[in-house]
Amino acid sequence: MVPFTHEVRGSKGQVVFQKGDPCDGMFLVVYGRVKLAISSAQGSEKVMEIIHPGQSFAEAVMFLGRPCPVMAQFLEDGFLLKVEAQAIYQAIERDAAFARRLLAGLAMRLHGLVRDVERYSIENSLQRVTGYLLQNVDPQRGPMPVVTLPVNKNLIASRLNLTPETFSRMLHQLSEAGLIEVNGREIVLLDADRLQGAAD
């Protein structure tokens, strides 16, 4: 194992860190998925982001030297690599290309957050759901576009700032209109052009 790098293995539901914990490094997901979320005093939860294998998280807060603003939790059994801040700082000083890649990753994360704010502010429920489906088509599947939901529908609803009931109602509405076919976690886009029209 590289110095300053530590293995973090967890089972489904295990917390990686809590909101308010110190952030002294960044995490890379090797396998499994991790949700970043905030909870209200009433106990309701808002999923801010779902981190997939190959993605990283916590680097922005690490640079700020502030406590974690969200909690991180395994959505399934997983394996992370935690890289301490000291190693990241040393790599930035030695390798300009690494620094550029890190900045590009942070810029993409910021762009995604801006897109989310735009979606929540000006798009209705149907537009959020259709937009999500169109953005998450599996390119490896056959000629008919298919979206495989990576996590349960409640988590996706929270990510889209919708209630689970509203998310299910939108899927039912699209299904009734003949635009999609829902088979568990697989959603077939029967008419992508009309679905795009609903998203606009």
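**Figure 1. Lining of the second largest pocket in the predicted model.** By class, the lining of the second largest pocket holds 14 nonpolar residues, three charged residues and no polar ones. The structure shown here and in the other views is a predicted model. The volume of this second largest pocket is about 430 Å³. Its lining consists of 17 residues, and those closest to the centre of the pocket are Leu36, Glu49, Val61, Arg109 and Leu113. Three elements, β5, α1 (59-64) and α3, supply at least two lining residues each. The most come from α3, which gives four residues.

**Figure 2. Lining of the largest pocket.** The largest pocket has a volume of about 980 Å³. It is lined by 37 residues, and Glu49, Ile50, His52, Gln55 and Arg109 lie nearest its centre. Two or more lining residues come from each of β3, β5 (45-51), α3 (96-122), α4 (125-135), β9 (146-148) and α5 (153-159). With 13 residues, α3 gives the most to this lining. Sorted by class, the lining of the largest pocket has 18 nonpolar, ten polar and nine charged residues.

Figure 3. Glu49 belongs to strand β5. Is Glu49 buried or exposed? Its relative accessibility is 17%, and the cut-off for buried is under 20%, so Glu49 counts as buried. The side chains of Glu49 and Arg109 make a polar contact of 3.1 Å. Beyond its neighbours within four places in sequence, Glu49 is in contact with Val34, Lys35, Leu36, Arg109 and Arg159. Glu49 and Arg109 are among the residues nearest the centre of the largest pocket. Both are also among the residues closest to the centre of the second largest pocket.

**Figure 4. Helices α3 and α4.** Two packed helices are described by the distance between their axes and the angle between them. Here the axes of α3 and α4 come within 10 Å and cross at roughly 145 degrees. On the α3 side, Arg115, Arg119, Tyr120 and Ile122 take part in the contact, and they meet Gln127, Arg128 and Gln135 of α4. The residues of this contact divide into three charged, two polar and two nonpolar.

Figure 5. How many of the eleven residues of α4 are buried? The count is eight, and the helix is described as mostly covered. The buried residues are Leu126, Gln127, Arg128, Val129, Thr130, Gly131, Tyr132 and Leu133. At the start of α4, the backbone nitrogen of Leu126 has a side-chain oxygen of Asn124 within 3.1 Å.

**Figure 6. Asp21 in its loop.** Asp21 sits in the loop that joins β2 (15-17) and β3 (25-31). A polar atom of the Asp21 side chain lies 2.8 Å from the backbone nitrogen of Gln18. Not counting residues up to four places away in sequence, Asp21 touches Pro67 and Cys68. Asp21 has a relative accessible area of 28%, which lies between the cut-offs of 20% and 50%, so this residue is partly exposed. Ser44 is 23 residues from Asp21 along the chain, and the C-alpha atoms of these two residues are separated by 20 Å.

Figure 7. Ala58 is not a glycine, yet its phi is positive, at about 85 degrees. This residue lies in the loop between β6 (56-57) and α1. Ala58 counts as buried because its relative accessibility is 14%. Asn161, also a residue other than glycine, has a positive phi near 60 degrees. The loop between α5 and α6 (164-176) holds Asn161. Asn161 counts as partly exposed because its relative accessibility is 41%.

**Figure 8. The protein as the setting for the close-ups.** The protein has seven helices and eleven strands. Its C-alpha trace spans about 55 × 40 × 30 Å along the principal axes. Of the 200 residues in the protein, 40% are buried. Among contacts with a separation of 6 or more, 71% are between residues 24 or more positions apart.

Key. Residues are numbered from 1 along each chain as its sequence is written. This is a predicted model: local features need pLDDT of at least 70, side-chain atom pairs count only at pLDDT 80 or more; totals for chains, interfaces and linings use all residues. Side-chain values use heavy atoms; hydrogens and water are left out. Buried means under 20% relative accessible area, exposed over 50%, partly exposed in between (1.4 Å probe, protein chains only). Contact means heavy atoms within 4.5 Å. A polar contact is a pair of N or O atoms within 3.5 Å; within protein, one must be able to donate a hydrogen and the other to accept it, and residues adjacent in sequence count only if both atoms are side-chain atoms. On a 1 Å grid over the protein atoms alone, a cavity is a set of points where a 1.4 Å probe fits but cannot get out, and a pocket is an open set with protein on both sides within 12 Å along at least five of seven lines; lining residues have an atom within 4 Å of a point. Grid points are joined across faces, edges and corners, and a volume is the space filled by probe spheres set on the points. Ala, Val, Leu, Ile, Met, Phe, Trp, Tyr, Cys and Pro count as nonpolar, Asp, Glu, Lys and Arg as charged, and the others, Gly among them, as polar. Axes are lines fitted to C-alpha atoms, for helices over the stretch in contact, and angles run from 0 to 180 degrees between N-to-C directions.
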